[in-house]
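Open the model in your viewer and keep the selection tool ready.

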Amino acid sequence: MQSLDIDQLRTFVAVVERESFAAAAAEVLRTQSAVTQQMRRLESVLGKRLFQRVGRGKQLTQDGVRLLDYARRLLALHDETCAAMASTAVSGELRLGAPHDITDSILPNLLAHFSRSFPGLRIAIHVGRSPHLLQALRQGDIDMTVAGLDAPELRQITLRTSPVVWMCAARYRHDPAQPLPLIVAAESSQFRRIAVEHLDRAGIPWRITYTSPTVVGVRAAVRAGLGVTARSVEMLGSDLRVMGEAEALPRLPDVNFRLYLSPVSANSVAQRVFDSLGDLSL
C-alpha cells in the first residue's frame, strides 16, 4: 500500500465533520473541486470507496467509518509533532494584514493553521482594504498580508480563487427599466472597477447610490436594500442573494486571494514562517 497523505486525511475528516464537500473546502482553505480530487486520490490509494450517495447527499461507507478513527488519531499525532518541533524553531510576533472580505472565511482558517504549526507565534492582526494593506506591506509596517489585488513583484502564495457575483438584499426587487443602483467602495476598489467595466461592456445603465470606505458599510447598504454590489462570495450571508441570468447581469471574473510577504520587513520570523508554508493552496 502507498503512504497516506496527511492533507488528504485532514480534508477527509473535514468533509465528515462539516457534512459536505463545500463546507469542508472552506475549512481546509481549498476549492470544492480540489477537495473532490483529494477524496478520489485517497480512495484510489486505499482501494476502497469512502463515500456513497444517499439521496442528494453523501455518507460514509463502512470503510469510511473505519478510516475516520484512524485519520483523527494520525492527524492529532502529526499536529502534535509539528507543534513540538515548531515551538522550538519559531517564536516572536507576526504582523498579519487581512481585508474585511475574508475575516469570516479565509482568515480564521489561516490563523488556525498558524496556531497548529507555530504555537510559539504571537500574531497581531491588521484589518483593512487590500490597497492600504499592500501599501503598508511595501513600507514594512506589516510583515504579511492577504489581499485580493495582484502584486506580481511580491513573493506570494495563492490561498483561494473566489467567484465574484452580483449580490443584493434577499427581498430586493430589480427594476430593469431603471439604471442599476450600485453600492461601491472607494474609487480604488477593484470590485467597483470590475462592476463598472462589465456593466459598460454589456450596455447596462447604472448609477452609484451609496459609497463606503469599508466593506462593513457596503454590506450594510446592500442589506438595507439600497442597491446592488459586486463582491466575492465571501461577503454572502443568509440575508443576501446572488443575482445573475434572471436579471440579465453580466458574468464577473474570479478574484484571487493571495498571501504576500513584505519585501522590506526586517522580521526574520515572518520570513521563516512564509518559507515553511510551501505550496499552501487553499
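Select Asp7 and Arg30. They form a salt bridge, with the closest N and O atoms 3.8 Å apart. (A salt bridge is a side-chain nitrogen of Lys or Arg within 4 Å of a carboxyl oxygen of Asp or Glu.) Asp7 lies in helix α1 (residues 6-18) and Arg30 in the loop between α2 and α3, so the pair ties together parts 23 residues apart in sequence. Helices are DSSP runs (H or I, at least four residues), numbered from the N terminus. The whole structure holds 14 salt bridges.

This is a predicted model: local features need pLDDT of at least 70, side-chain atom pairs count only at pLDDT 80 or more, and totals for chains, interfaces and linings use all residues. Residues are numbered from 1 along each chain as its sequence is written, and side-chain values use heavy atoms, without hydrogens and water.

Next, select α2 (residues 21-28) and α3 (residues 32-46). Which residues make the contact? From α2, pick Phe21, Ala22, Ala25 and Val28; from α3, pick Gln32, Val35, Thr36 and Met39. Contact means heavy atoms within 4.5 Å.

Finally, select Tyr70 in helix α4 (residues 62-89).

Conventions:
Helix = DSSP H or I, 4+ residues; strand = E, 2+ residues; numbered from the N terminus.
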